[in-house]
Amino acid sequence: MIELSAERILEAKANLGEGPLWDHRAKVLWWLDILASRVHRFEPKSGKNDTWDVGQMVGTVVCRKQGGLMLALEDGFATFDTESGVAKVVADPESEKSDNRFNDGKCDPAGRFWAGTMNKGDALQLRTGALYSLDTDLSIRKHLEPVGVSNGIVWSKDAKSMYYIDTASKAVDRFDYDLETGNISQRQTVFKVPEEMGYPDGMAIDNQDKLWVAFWNGWQVARICPQEGKVIATIKLPVANVTACAFGGAALDQLYITTARVGLSDDELAKQPMAGDLFLGQPGVHGVESSNFAG
């Protein structure tokens, strides 16, 4: 087991820091505070962190091939113009489910935008969510239900495997993936989370097809070999609720890590003064460039 290190790079005190995404075009990190309805842009070179309030909870941010961003908002998939600060919903597959909101997601190598939903209440028990994709013609497909807390979705280098986390299942699953059609099949669990590791949350993948999973109430990010179903490295954090991670930097050899402070008592916050802050780990491997939405 390899133990790696991380340092705090931004005192953000986010309620629910999430969704880190390295923008290789602008050399910045996009990330979110879901509960505060905020989209952040962190510039590593200057340490500057710009913020937009998008007016509703925001679960995911991805870059758009033609420019700008796409978001998965409380009310559906949306375009986002950073110049005007306007987010415009383009597809809402759950308009009748006011108790649900969108959570984590990413784009597949063909440029489809995948994101899933979860209940705003006790999502670990109330499995009212589903997993969707937004195609490049802005059509919506539902791929999976019921889902507790839709999280951590990545694709292997050959795009024949899709890895996915439903936090409520306490597992990392693999699907066969058809890049041409966007179909998933043959679901199987590749890593069952031990009780002491907490709950699996956001996920990234490196250029060796190993998974990097953030653990809520687990104080860590773990590097997992999906073929062997075991942890091969960890990054320990000084906060319990580690939410997501993303490779970034010019060589994609750094790991940005988001955390949360929501749900912590005053005593817990006193012991975790860096809860909700942004961290940077040194993973010792390279990541892969994130795909942009092609619509």
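Let me start with one term: a residue is buried when its relative accessible area is under 20%. F102 has a relative accessibility of 2%, so F102 counts as buried. Keep in mind that this is a predicted model.

Now, what does F102 pair with? F102 forms an aromatic pair with F77. F77 sits in strand β9, residues 76-81. F102 sits in strand β11, residues 100-107. So the pair ties together parts that are 25 residues apart in sequence. F77 is buried too, at 0% relative accessible area. Both rings belong to one aromatic cluster, along with F113, Y132 and F293.

How many aromatic pairs does the structure hold? Twelve. Another of them is W30 with W52. That pair is tilted as well: 5.7 Å centre to centre, 40 degrees between the planes. W30 is in strand β4 and W52 in strand β6, 22 residues apart. Both tryptophans are buried.

On to the nonpolar cores. The largest has 19 residues. Those with the most contacts inside it are W212, V221, I235, L255 and I257. Look at L255: among the residues it touches are W212, V221, I235, F247 and P283. There is also a second, separate core of 16 residues, including V154, Y163, I165 and V231.

One last contact. K170 lies over the face of Y199, 4.8 Å from the ring centre.

Conventions
Residues numbered from 1 in each chain as written. Predicted model: local features only at pLDDT ≥ 70, side-chain atom pairs only at ≥ 80, totals over all residues. Heavy atoms only, no water. Core = buried A, V, L, I, M, F, W, Y, C linked by side-chain atoms within 4.5 Å. Buried < 20%, exposed > 50% of the residue type's maximum accessible area, 1.4 Å probe, protein only. Contact = heavy atoms within 4.5 Å. Phe/Tyr/Trp six-rings, centres within 6.5 Å; stacked < 30°, edge-to-face > 60°. Helix = DSSP H or I, 4+ residues; strand = E, 2+ residues; numbered from the N terminus. Lys NZ or Arg CZ within 6 Å of the ring centre and 35° of its normal. Lists of a residue's contacts leave out its neighbours within four places in sequence.
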